[in-house]
Amino acid sequence: MSLLGGFNPIVQTIFTADPAPMVHDGRLYVYTGHDAFGSTYFTMDNLMVYSTTDLINWTDHGSAMVAEDFCWAKKNTLWASQTVERNGKFYAYVPIERANGEGPAIGVGVSDSPTGPFIDPLGKPLVTAGVWAGDIDPTVFIDDDGQAYMYWGNPQLYYVLLNEDMISTAGEIVRVPMIEESFGPRRGGPEERYPTSYEEGPWFYKRDGMYYLIFSAGKLAEHIAYATSKNPTGPWQYQGIIMSHEEKGAAFTNHSGIAHYMGRNYFFYHNQWLTHVPGFTGGFTRSTAVEEFEYGTDGSIPKLNMTTEKRPALATFDPYSQTEATTLAWASGVETKRNSNGNMTLCPLNSDSYVIIRNVDFGNGATKFATKLSAEKPATIELRLGNPKGQQIGQLEIAPGGSQVAETAITNASGLQDLVLLFKGDSLQMEHWQFYK
């Protein structure tokens with residue numbers, strides 16, 4: 001398929017795995033791990049944050065935390081996490097391998113902002129069940145009565161209650177009985193460590209009085225399955241498969257999260273689709289994708305396929321408000337990074353790099369475009385409609401220099417359009433942009 005035709009994966013600048021959505025203050029945030037380029041293991045050091053209001057254009061907020069932010073952590077081992085909000089603070093629950101060689105443990109980071117930075121308030125793990133490699137993939141849910149629960153684990157499933165401060169536990173860690181009635185039969189038959197289909201990656205939430213536990217199921221390659229219960233601690237009743245391991249582009253792992261946003265339901269997961277793009281590698285390099293779905297009248301979740309087709313936008317994009325340059329629907333040949341002031345910037349890696357912002361509503365027409373950036377060498381930014389070869393509506397000639405504002409007149413930009421920024425040069429750091437009527 002054409003790269004311009006799809007919206008999955010939602011991030012094309014780096015590899016992102018283990019997506020965990022969170023809705024806050026009218027925005028949908030997705031927290032992901034960051035698979036190192038060319039990795040041959042789960043080499044992951046950053047908690048990445050992305051957000052959207054239309055499910056098409058995503059703002060890259062950069063890294064909110066690295067494993068080294070925990071004094072007890074081993075580098076490059078910040079794995080599948082989840083972030084929740086309570087009382088105006090944000091809590092990121094992360095599994096990290098301990099530097100002392102005793103295996104992973106669950107830590108917690110706290111921030112005043114959904115985009116971080118997160119800091120470790122404890123200086124030690126929040127919990128560990130004491131089983132090497134078992135303390136991974138935490139999922140946290142706060143129930144209607146205010147009680148918070150955390151599930152986690154591979155190959156065993158555990159849960160513990162959290163206190164209102166969200167950084168301490170209430171009571172003992174409970175080991176969940178692993179029976180087929182709860183988690184389904186294992187493909188190929190039960191194994192000593194894996195008596196059921198449950199593998200890892202739980203995602204815990206509540207809908208219409210029913211509790212849902214989504215999980216990665218095996219054996220490898222993993223599929224996604226789910227169970228339900230009338231109580232937050234079970235017993236659980238296995239309900240079936242959501243996403244097969246046989247999907248085209250599937251990775252040997254999968255990890256999912258579900259969000260309800262603006263009246264619609266979204267299933268986030270990862271695959272290896274981006275590895276089919278020239279210049280990207282496979283194996284332990286995964287990419288976040290999303291599918292919209294509807295629950296059955298009985299609360300069931302349908303079986304979903306991995307797709308790359310277009311997805312309806314939830315809103316039009318306003319070009320007349322200041323827009324972070326790291327807001328993208330699609331990108332080719334660019335990276336995002338913080339500048340010396342700590343602001344996220346968009347950086348072309350080669351001439352003819354481009355980004356696309358979709359569903360842009362120019363209304364009766366734009367007359368001017370302005371952007372804040374810096375440049376080491378002369379460069380040009382062409383503004384086009386539709387695709388990188390589409391109609392040109394403006395062009396900026398960028399002179400070398402530090403932080404500056406570049407402007408150009410705009411013609412023939414009206415109505416609903418896909419906007420393309422095409423870069424001729426590779427030394428830019430672009431912070432934000434805005435059109436004017």
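In these legends, buried means under 20% relative accessible area, exposed over 50%, and partly exposed in between, with a 1.4 Å probe and protein chains only. The model is predicted, so local features need pLDDT of at least 70 and side-chain atom pairs count only at pLDDT 80 or more, whereas totals for chains, interfaces and linings use all residues. Residues are numbered from 1 along each chain as its sequence is written, and side-chain values use heavy atoms, with hydrogens and water left out.

**Figure 1. Asn-87 and Asn-359 have positive phi values.** Asn-87 is not a glycine, yet its phi is positive, about 55°. Asn-87 is placed in the loop between E6 and strand E7 (89–98); strands (E, at least two residues) and helices (H or I, at least four) are DSSP runs numbered from the N terminus. With a relative accessible area of 62%, Asn-87 is exposed. Asn-359, also not a glycine, has a positive phi of about 65° and lies in strand E25 (residues 353–361).

**Figure 2. The largest pocket is lined by 21 residues.** A pocket is an open set of points on a 1 Å grid over the protein atoms alone, where a 1.4 Å probe fits, with protein on both sides within 12 Å along at least five of seven lines; lining residues have an atom within 4 Å of a point. The space in this pocket is about 560 Å³, a volume being the space filled by probe spheres set on the points, which are joined across faces, edges and corners. Phe-141, Tyr-205, Ile-258, Ala-259 and His-260 lie nearest the centre of the largest pocket. Strands E1 (15–24), E6 (82–86), E9 (139–142), E13 (198–207) and E17 (257–261) each supply at least two lining residues, and E13 gives the largest share, five residues. The lining divides into 13 nonpolar, five polar and three charged residues. Here Ala, Val, Leu, Ile, Met, Phe, Trp, Tyr, Cys and Pro count as nonpolar, Asp, Glu, Lys and Arg as charged, and the others, Gly among them, as polar.

**Figure 3. The second largest pocket is lined by 24 residues.** About 440 Å³ of space lies in this pocket. Nearest its centre are Phe-42, Trp-79, Ile-136, Asn-154 and Glu-200. Twelve lining residues are nonpolar, five polar and seven charged. Asn-154 is joined to Pro-155 by a cis peptide bond, with omega near 0°, and Pro-155 is found in the loop between strand E10 (148–152) and strand E11 (158–162).

**Figure 4. Strand E4 (residues 58–66) is largely enclosed by the rest of the structure.** Seven of its nine residues are buried. E4 runs antiparallel to strand E3 (residues 46–52), to which six bridges join it; two strands pair if DSSP finds at least two bridges between them. Val-49 has Gly-62 of E4 as its bridge partner. Five residues lie between the strands of this hairpin, in which Leu-55 takes a positive phi near 65°. E4 also pairs in the antiparallel sense with strand E21 (residues 327–328), over two bridges, and the partner of Thr-59 in E21 is Thr-327.

**Figure 5. Four strands form an open sheet in the order E13-E14-E15-E16, with antiparallel pairing.** E13 and strand E16 (237–243) are the edge strands, each pairing on one side only. Seven bridges link E14 and E15, and Ala-217 has His-223 of E15 as its bridge partner. A cis peptide bond joins Gly-218 and Lys-219, with omega about 15°. Lys-219 is found in the loop between strand E14 (210–217) and strand E15 (223–229).
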